[in-house]
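Here's a quick briefing to read alongside the model. Have the sequence and structure open as you go.

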Amino acid sequence: MSDPVNHPDHYQSASGLECIDAIRAALTPDEFRGYCKGAALKYIWREAKKGQNESLAKSVWYLNEAQK
């Protein structure tokens, strides 16, 4: 079953690698934290026009990733 917030199908490769894991591996911890904060802001910014509750949930997901 697809999980559009925590594990969207369109961000997984055929091998099972998720895009977020590749991004984390390519960046320093500080760069990755900044990336996550920016992504969270993007989802908050657009939530009224696209996604609403799902966009808010996704922003929380990115903030949680920033803390790992």
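A search of the whole structure turns up 0 disulfides (a disulfide being a pair of cysteine sulfur atoms within 2.5 Å). This is a predicted model, where local features need pLDDT of at least 70, side-chain atom pairs count only at pLDDT 80 or more, and totals for chains, interfaces and linings use all residues. Residues are numbered from 1 along each chain as its sequence is written, and side-chain values use heavy atoms, leaving out hydrogens and water.

**Cysteines and burial**
- Cys36 is buried, at 0% relative accessible area, while Cys19 is partly exposed at 33% (buried is under 20%, exposed over 50%, partly exposed in between, with a 1.4 Å probe and protein chains only).
- Of the protein's 68 residues, 24% count as buried.

**Aromatics**
- The whole structure has 4 aromatic pairs (Phe, Tyr or six-membered Trp rings with centres within 6.5 Å; planes under 30 degrees apart are stacked, over 60 edge-to-face, the rest tilted).
- Trp61 and Tyr62 make an edge-to-face pair, 5.0 Å centre to centre with 90 degrees between the planes, and both residues are buried.
- Ring pairs tie Phe32, Tyr35, Tyr43, Trp61 and Tyr62 into a cluster.
- Lys58 sits over the face of Trp61, 4.7 Å from the ring centre (the cut-offs: NZ of Lys or CZ of Arg within 6 Å of the centre and within 35 degrees of the ring normal).

**Fold**
- You'll find 3 helices and 0 strands here, in the order α-α-α along the sequence (DSSP runs numbered from the N terminus: H or I of at least four residues for helices, E of at least two for strands).
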